[in-house]
Amino acid sequence: MGSELTASVLLVEDSETLAATYQAYLSKENLKLARVATGGAAIEFLSKQSPQVMLLDLNLPDMGGMEVLEWMVERSLPTSVIIITAYGSVDIAVDSMRLGVVDFIEKPFDASRLKVTVNNALNLHKLKSLVENYQADAGRDSFHGFIGSSLAMQNVYRMIEAVAPSKATVFITGESGTGKEVCAEAIHKQGARADKPFVAINCGAIPKDLMESEIFGHVKGAFTGASSMRAGAASQAHGGTLFLDEIGEMDMELQTKLLRFVQTGRFQKVGGSQEEQVDVRFLCATNRDPWEEVQAGRFREDLYYRLYVVPIHLPPLRERGLDVPGIAQKFLRRYAKEEGKQFRRFSSLTATVMSNYDWPGNVRQLQNVIRNICVLHDGKEVLASQLPPPINQLVPEGAIGKDGRHPEEVVAEEQNEAGVNGTSQYQIQPLWITEKEAIEHAIDHCDGNIPKAAELLDVSPSTIYRKKQSWEEVEAS
């Protein structure tokens, strides 16, 4: 079939002779072909796995093939169906097509007709999967350690996915606090080296006279205090990824040695004479404009061209649209749990103020603000009066009463209490949290059976598995 992966096909045919014939027709194709003889057996098979294509005979001994098809449609199974029948008619063809059948083939038919039909169905199934994955990716609200569904972040996610399988060097730029190390780890986890070491060095946090030893290591006696041999980041990252954060802070002399290391993969420990060879993928980052640093004479031009292969720019938080509430909610859950506080949400005034703030410190500043609130305050809802400076300067004058609350917040609290006492009151929260709660409730209701939960929610099991994975990555970050 021209595919590198073996395609899965289910044949539902009660005639032993015809089944053997069809299997012979497809024997030289790159297929994993399974066969059942009854509609009941087909339903049992489909309950456990979803082949890419199913060849379905309409005339089965225990039930009609259309019943099997209707059962599949009710559960939104992704399998592409080809109808096989000796009793073909326009009415049957039309009815089956309305139920999503991709093709209709009448007995008798030859090997060529069957191969072409199956091949077309597989290609169509692959195309539909690509479209569904694209649509799902376009609406992602998280990716590895990132939170956000803005268009700017969707572009970042796609860039990471595109570059991750390669060994090409990636140069990550962005303001402080935008998540450059999160981006580097995402590239590592998404690539073929995910099970190998990820070693990060902050070039701006280590004294210049120790930086060479941090990267390349040193031998015993190389300098005062070097009482034993030490492996550097280059050796530790062998087979994996070496991330050099704030590389613009690196001393020019060390940049020369780094250039040779990047070009050859070879280096010497400080004080040593023997060369070592390692296999590492280089990722680097800076909060400055790297080309301006080159023009100012602070960064080697040849090293710039060696490292600046695939650039990824991380947008500041102020350019990420409505991502602030989702990120803030993530931090609120984390820090409320750590500090033993009751916080569950933000008041409408608080959310408005936070969304209108520019966040010059980006995600790191937002993280610190939420931590500050959880340490100093408590309650079910974060009030505008609890916002620390300078964010609280955006709260309108007179908006906060003597009790520290805005009148709208008082009304909201009264409505919440009324809801507890019997009046239905729906709490507004970010859509992804509502979705997460709905999925988790369905899984609990089905005693952990994800396919059953997916059936109740009218989505595919793969959608739930993908979303669970993204939530786990977010909570682990």
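This is a predicted model: local features need pLDDT of at least 70, side-chain atom pairs count only at pLDDT 80 or more; totals for chains, interfaces and linings use all residues.
Local features were taken at pLDDT of at least 70 and side-chain atom pairs only at pLDDT 80 or more, while totals for chains, interfaces and linings use all residues. Residues are numbered from 1 along each chain as its sequence is written, and side-chain values use heavy atoms, with hydrogens and water left out.

The structure holds 23 salt bridges (a side-chain nitrogen of Lys or Arg within 4 Å of a carboxyl oxygen of Asp or Glu). One of them joins D57 and K107, with the closest N and O atoms 3.3 Å apart. This pair links distant parts of the chain, 50 residues apart: D57 sits in strand β3 (residues 53-57), and K107 in the loop between β5 (103-106) and α5 (111-138). Helices (H or I, at least four residues) and strands (E, at least two) are DSSP runs, numbered from the N terminus. D57 is buried at 1% relative accessible area, whereas K107 is partly exposed at 21% (buried, under 20%; exposed, over 50%; partly exposed, in between; 1.4 Å probe, protein chains only).

In the bridge between R320 and D323, the closest N and O atoms are 3.1 Å apart; R320 is buried at 2%, and D323 is buried at 4%.

E293 and R298 meet at 2.9 Å, N to O, and belong to a salt-bridge network that also includes E249 and R288. E293 is buried, at 8%, and R298 is partly exposed, at 44%.
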